[in-house]
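Work through the exercises below with the sequence and the model in view. Each task is followed by a solution in steps.

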Amino acid sequence: MMGPSHALSGAAVWLAGSWALDQFAGYEQSPLAIAVGTAVCAGGALFPDLDLSGKVTRNQGGATVARTFGVVSLFVAEVIEKISLGVYHATKLSKDPHRNNGHRTLTHTIPFTVLVGWGTTALCTAYGKWAVIAILFFTIGLALRGLFDEWAKRAGWVIVTLVSLGAAYFTFLHLPGDRGYPMLGLAMGVGCFVHILGDLVTRAGVPILWPIPTGRRMWRMIGPPDRFSIKAGSKFEVVVLRAVFTVVSVLAVVGLAVPALTRRFTGG
């Protein structure tokens with residue numbers, strides 16, 4: 001899938017999940033907490049594509065996420081791509097093909113998703129507000145780059161960086177730590193997992209079984225048959241899937257807002 005589709009899917013899943021928790025588990029969240037979780041999950045749904053690097057010195061190429069903060073994020077993507085490629089070569093078996101890049105390897109696995117979710121929570125717990133600001137800054141920037149792709153292209157990475165920094169600091173000042181911070185790790189983990197599911201239905205597939213070996217292959221790409229798969233950037237993805245994600249998001253927001261407004265004005 002393309003970057004905007006990944007970000008929309010992350011936002012839709014988090015909003016729908018927040019609605020479900022509110023309706024069936026009585027877990028209420030403030031509007032700010034829901035907005036933060038949505039932004040972090042949307043940003044997390046772009047995070048695995050940091051294994052697709054571009055031309056750092058020219059500020060070109062790479063995945064949507066790699067261009068979020070200009071040459072800085074492109075450099076980070078270059079490092080992650082090389083680490084992913086190194087892990088691939090270190091763990092591949094005899095039937096795994098030779099690769100020249102690490103895209104859709106390490107960062108597109110379940111262990112990586114778990115590590116990201118756990119690591120986010122651990123950082124917030126260990127370093128408090130500084131880790132929270134850094135994580136919010138990073139993920140809000142990714143969310144802006146994905147959800148508002150055309151605006152981000154016109155505005156440029158400097159504006160995206162400044163807006164992300166301002167939003168992260170504002171959020172930190174108003175987000176309660178008792179219920180707000182622990183949700184950041186969950187939102188990141190869910191976002192990464194949604195990304196994997198999105199790529200799972202494309203023709204290239206993902207190594208979702210790693211590190212379980214199958215038929216002398218460690219990095220077997222799992223995906224549907226070509227006739228049932230989705231081509232990245234196709235009309236079905238851009239028109240149909242994004243429309244579905246948008247409708248789900250809007251319905252979830254309405255489902256969350258109406259009861260909250262009713263309780264507020266009726267005193268219930």
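**Exercise 1. Cysteines**

Find how far the sulfur of C124 is from the closest cysteine sulfur, and decide what follows for a bond.

Solution. The model is a predicted one. Step 1: the cysteine sulfur closest to that of C124 belongs to C192, at 14 Å. Step 2: a disulfide needs two cysteine sulfur atoms within 2.5 Å, so 14 Å is too far for a bond. Step 3: for C192, the nearest cysteine sulfur is that of C41, 8.9 Å away, and C192 is in no disulfide. Step 4: the structure as a whole holds zero disulfides.

**Exercise 2. A helix pair**

Describe how the axes of helix α4 and helix α8 are placed relative to each other.

Solution. Step 1: two packed helices are described by the angle between their axes and the distance between the axes. Step 2: α4 covers residues 110–127 and α8 covers residues 182–200; their axes come within 7 Å and cross at roughly 160 degrees. Step 3: an angle over 145 degrees counts as roughly antiparallel, and α4 and α8 are therefore roughly antiparallel to each other. Step 4: the crossing of α4 and α8 is right-handed. Step 5: residues that make the contact include I110, T113 and C124 of α4, and C192 and F193 of α8. Step 6: the residues of this contact divide into ten nonpolar, six polar and no charged.

**Exercise 3. F193**

Which residues does F193 touch, not counting those up to four places away in sequence?

Solution. Step 1: F193 is found in helix α8. Step 2: F193 touches I110 and T113. Step 3: the relative accessibility of F193 is 36%, so F193 counts as partly exposed. Step 4: the C-alpha atoms of F193 and G44 are separated by 8.7 Å, though these residues are 149 apart along the chain.

**Exercise 4. Backbone angles**

What is the phi of R104, and what is the phi of R216?

Solution. Step 1: most residues other than glycine have a negative phi. Step 2: R104 has a positive phi of about 60 degrees and lies in the loop between α3 and α4. Step 3: R216, in the loop between α8 and α9, has a positive phi near 60 degrees. Step 4: R104 is buried at 12% relative accessible area, whereas R216 is exposed at 54%.

Conventions:
Residues are numbered from 1 along each chain as its sequence is written. This is a predicted model: local features need pLDDT of at least 70, side-chain atom pairs count only at pLDDT 80 or more; totals for chains, interfaces and linings use all residues. Side-chain values use heavy atoms; hydrogens and water are left out. Axes are lines fitted to C-alpha atoms, for helices over the stretch in contact, and angles run from 0 to 180 degrees between N-to-C directions. Helices (H or I, at least four residues) and strands (E, at least two) are DSSP runs, numbered from the N terminus. Angles under 35 degrees count as roughly parallel, over 145 as roughly antiparallel, 65 to 115 as roughly perpendicular and the rest as oblique. A crossing is left-handed if the near helix is turned anticlockwise from the far one by less than a right angle, and right-handed if clockwise. Contact means heavy atoms within 4.5 Å. Ala, Val, Leu, Ile, Met, Phe, Trp, Tyr, Cys and Pro count as nonpolar, Asp, Glu, Lys and Arg as charged, and the others, Gly among them, as polar. Buried means under 20% relative accessible area, exposed over 50%, partly exposed in between (1.4 Å probe, protein chains only).
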